[in-house]
Amino acid sequence: MCMNSPTLELLRSHRSIRRYKPEPVPDSAIRAAVEAGQMASTSSSVQPTSVIVVKDHRKRERLAELCGPQRYVAEAGAFLVFLADTRRHRLACERDGLTYDTRLEAFMVSIIDTALMAEKTVIAFEAMGYGICYIGGLRTRTSEVDELLDLPEGVYPLFGLCVGVPDEQPSKRPRLPVEAVLFEDRYPDDDKLLNIMSEYDEQYCQYLKQRGAKTIEGWSERMAKKFAKPERTDLAAYYRGKGARLD
Ligand SMILES: Cc1cc2nc3c(=O)[nH]c(=O)nc-3n(C[C@H](O)[C@H](O)[C@H](O)COP(=O)(O)O)c2cc1C
């Protein structure tokens, strides 16, 4: 068993890139990365993912606004939109005279499998030397994104992906110690988790200081603030409106 393979090294070296050189990502590279991503495992082979490469300059500019604003959405060499896509399943039902009739499980599968395919696509891009940044900001003004991309029923935008030649070398953002996420046989007590979290908070503050961040606060403080207020509260209504069943 080799624990120092180039693949492991590549995975460990990930960091999000938010400054890119003004070089486009060739179609051949995008195609190769997405084809590699398609080899991700997928529940019962449902393959519920589509990707739109946004090439139109005006659409990119508009998306940069809708996603934040986040300038790198317009500036990266390429911008991809990952869609949880049940369209092909609906068409198959319709063609065979059946009613598309699913519940939350189908929606969850479409999201889970799309995330798996996206991350494999990301690894492929990183293996080619590109930098990436996921863009969850795509869900901030989802209806407007939907309109801009003219998405049909059953196609749910999840997140965007900036890809390009890195023009920065940010330091690696430290993760929770593995003891906080990897357990044997049973889930740990809250006290144990809280202790590990405080240790991580110190490390996280060090990282933020070293990055010159304006606000220095521990990870758990940041999480407490984040999850104490509802975010993107129109999402359930939006996804229901696109045909998703959430019950
Ligand atoms: C689904 C998803 C959505 C994200 N959305 C954004 C985003 O809108 N803007 C951004 O700058 N970073 C975004 N990120 C990047 C995270 O902030 C980043 O992965 C995290 O802080 C860890 O840092 P690292 O990727 O450099 O290790 C997103 C990441 C994921 C997985």
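Me: How far apart are the mean positions of the positive and negative charges of the chain?
Reply: Lys and Arg count as positive and Asp and Glu as negative, with His and the chain ends not counted. Each charge is placed at NZ of Lys, CZ of Arg, CG of Asp or CD of Glu. For the 36 positive and 37 negative charges, the mean positions are 4 Å apart.

Me: And what sort of model is this, and how are residues numbered?
Reply: It's a predicted model, where local features need pLDDT of at least 70, side-chain atom pairs count only at pLDDT 80 or more, and totals for chains, interfaces and linings use all residues. Side-chain values use heavy atoms, leaving out hydrogens and water, and residues are numbered along each chain as its sequence is written, from 1.

Me: What is the radius of gyration of the chain?
Reply: It is taken over C-alpha atoms, and the globule rule is 2.2 Å times the number of residues to the power 0.38. For 247 residues a compact globule would come out near 18 Å, and the chain agrees with that at 20 Å.

Me: Which residues of helix α2 are buried?
Reply: Buried means under 20% relative accessible area, exposed over 50%, and partly exposed in between (1.4 Å probe, protein chains only). On the other side of α2, S28 and R31 are exposed. The buried ones in this helix, residues 27–37, are A29, I30, A33, V34 and G37.

Me: Why do the buried residues of α2 line one face of the helix?
Reply: An α-helix has 3.6 residues a turn, so residues three or four places apart point the same way. The arc is that of the directions from the helix axis to the C-beta atoms. Seen down the axis of α2, the buried residues line one face because they fall within an arc of 125 degrees.

Me: What do those buried residues of α2 pack against?
Reply: Contact means heavy atoms within 4.5 Å. The partners are β1 (49–53), β2 (78–85) and α6 (104–127).

Terms used. Helix = DSSP H or I, 4+ residues; strand = E, 2+ residues; numbered from the N terminus.
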